[in-house]
Amino acid sequence: MKQTNFESNLLAELNEDGIIKARFWQDKNTLKLFIQDKTLLVIPEENLIIIEEVKPRFLLRQLNFLHLNEAKKAWVWFSDFYAVLLLL
């Protein structure tokens, strides 16, 4: 069976609507498939599929947004202002 047929059949069987964005063999027994917000680990020898799903958590997403400085200039200004207040 071709790999694309296997993947499309697998997604249909799992009722997943996403499109596979990437794939690779993690080791000789584990195929890793990446779809929108999920990762599928396929272990054919054990007839096992593990689905990992990423869901944003309340407050942690916002804190991570600030930690990674995704807000860019706004966060820099706020953090500088806060540092000055701490010095006073």
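**From one residue to the whole chain**

E16 is buried, with a relative accessible area of 15%, where buried means under 20% relative accessible area, exposed over 50% and partly exposed in between, with a 1.4 Å probe and protein chains only. The residue lies in the loop between α1 (3-13) and β1 (22-27), and, apart from its neighbours within four places in sequence, E16 is in contact with L11, I35 and K38, contact being heavy atoms within 4.5 Å.

This is a predicted model, in which local features need pLDDT of at least 70 and side-chain atom pairs count only at pLDDT 80 or more, while totals for chains, interfaces and linings use all residues. Residues are numbered from 1 along each chain as its sequence is written, and side-chain values use heavy atoms, with hydrogens and water left out.

The protein has three helices and four strands, which follow one another from the N terminus as α-β-β-β-β-α-α; helices (H or I, at least four residues) and strands (E, at least two) are DSSP runs, numbered from the N terminus.

Along its principal axes the C-alpha trace spans about 70 × 25 × 20 Å. The radius of gyration of the protein is 21 Å, whereas a compact globule of 88 residues would have one near 12 Å; the value is taken over C-alpha atoms, and the globule rule is 2.2 Å times the number of residues to the power 0.38. Buried residues make up 18% of the 88 residues, and, of the contacts with a separation of 6 or more, 14% are between residues 24 or more positions apart.
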